Amino acid sequence: MLEAKSLRKALVPPTLLQRPSPGTIQSSRLALHVNDEGSSCWVYVASGCHVYKVEISMEDSSLTKGKESLLVPVQTQVVESSLLNRCPHRSEIQSILLHETEGAGYLVLGSVDSYGHLIISKLNANGKDIDRLTYSVLPRDSGVGEGSWAGLCFSPSHWSMAAVARSFCRSVDVYDQDIPLRTLHTLWYPSSLNFLQNLNHGEENSLLAVTEGCQLTIWDLRMKESGGCVRRICGSVGNILYAVCSSSTGNIAVGGADRTVTIYDPRRWAAVSRWINCSKYEITGLAFSSLCPDYIYVQGVDYEIFCGQWKEKNKGFSFRGDSNWLGFSKSSSKDVLGGWCDSGSIFVADVESKMV
């Protein structure tokens, strides 16, 4: 059973960032990293053409609950904050993502702007901005045309492999470091993407899940037929999907305008669970728990983020932001959640597993 250990609320210093730039409905402009001791959390947020980092203390945990298991945040002071100088974008950043490499002593931060310009930076594991590898990649069309939402994901086993989705271009570009591997062309506007986990040997780097319109599509980067699309799962027309994620057991979750979380088994490509109307409004973010893959974290448009057991369709704890979400993320190795609102507030929830 998962329970919240603490919920903290911190404000990005106005001297660092006064007014965050607005984001899309499925905005993904937050990434976080918790140090090995669990004593502090580095939160990276993107606004305009810049990336900022904020350190929040995770010590002295306390928790207050309101009605219906709604968590009440404890106000926390920012320990340190600064502008990250490794991401010189020329247009508004749409997505940022952290890849944690075990035992390597560094983090990989990726950022992509509205024209598909990708910048990858290696950062020190303690959050210090040291002089490490940084490279940038322009899309094959050099970013011409109209800017739009762009998403980013890393391969779970190789940080050097990244995929960038561009909404208005209806394309997904796959790179190995700064080398373009191939471009996938979607039928609808892509809204999220994720490399699949826990598959047969060699497939973690090749299978990509993309939500486009009301469809979930699976792409095999090794195939030429059908442009690489190996599976197309269609939902109800008009029910746009905004989020996709995969668990350590291989299951795939999608959610969107129909307020329903659907879990698919990639071995049969069949739905194993449908949690209907689990959210009050559109679902724009999903993340499976690292402690127990039977639990999933769901972000809704109504400022709410909740944890629930998707097999039993039981909702656990939840917390609410104070304005529209500009970013939502979970630590890749721990159950620490982060959310950033357009008021400048950052919410960090620490979750632990307890025996019943």
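Guide: Of the chain's 356 residues, 56% count as buried. This is a predicted model: local features need pLDDT of at least 70, side-chain atom pairs count only at pLDDT 80 or more, and totals for chains, interfaces and linings use all residues. Residues are numbered from 1 along each chain as its sequence is written, and side-chain values use heavy atoms, with hydrogens and water left out.

Visitor: Why is N124 called buried?

Guide: Buried means under 20% relative accessible area, exposed over 50%, and partly exposed in between (1.4 Å probe, protein chains only). N124 has 17%, so N124 is buried. N124 sits in strand β11.

Visitor: Why is D335 called buried?

Guide: The relative accessible area of D335 is 3%, so D335 falls under the 20% limit. D335 lies in the loop between β29 (325–330) and β30 (336–341).

Visitor: What makes the link between D335 and Y297 a polar contact?

Guide: A polar contact is a pair of N or O atoms within 3.5 Å; within protein, one must be able to donate a hydrogen and the other to accept it, and residues adjacent in sequence count only if both atoms are side-chain atoms. The side chains of D335 and Y297 are joined at 2.6 Å. A polar atom of the D335 side chain also lies 2.8 Å from the backbone nitrogen of S290.

Visitor: Which residues is D335 in contact with, leaving aside its neighbours within four places in sequence?

Guide: Contact means heavy atoms within 4.5 Å. With those neighbours left aside, D335 is in contact with L2, S289, S290, L291, Y297, K330, A349, D350 and V351.

Visitor: How many helices and strands does the chain have?

Guide: The chain has zero helices and 31 strands. Helices (H or I, at least four residues) and strands (E, at least two) are DSSP runs, numbered from the N terminus.

Visitor: What makes the chain as compact as a globular protein of that length?

Guide: The radius of gyration is taken over C-alpha atoms, and the globule rule is 2.2 Å times the number of residues to the power 0.38. The rule gives 21 Å for 356 residues and the chain has 19 Å, close to that value, so the chain is as compact as a globular protein of that length. Its C-alpha trace spans about 55 × 50 × 35 Å along the principal axes.

Visitor: How do you know that β11 and β12 pair?

Guide: Two strands pair if DSSP finds at least two bridges between them. Strand β11 (residues 118–124) and β12 have four bridges, in the antiparallel sense. The bridge partner of L118 is V137 in β12. V137 and Y135 belong to the covered face of β12 (residues 134–137), while T134 and S136 make up the uncovered one.

Visitor: Why are β9 and β12 said to stand at the edges?

Guide: Four strands form an open, antiparallel sheet in the order β9-β10-β11-β12. β9 (93–100) and β12 each have a single partner strand, so one side of each is left without a neighbour in the sheet.

Visitor: What makes β13 and β16 edge strands?

Guide: Another open sheet has four strands in the order β13-β14-β15-β16, with antiparallel pairing. β13 (150–154) and β16 (179–185) each pair on one side only. Five bridges join β13 to strand β14 (residues 161–166), and the two run antiparallel. G151 stands opposite A165 in β14.
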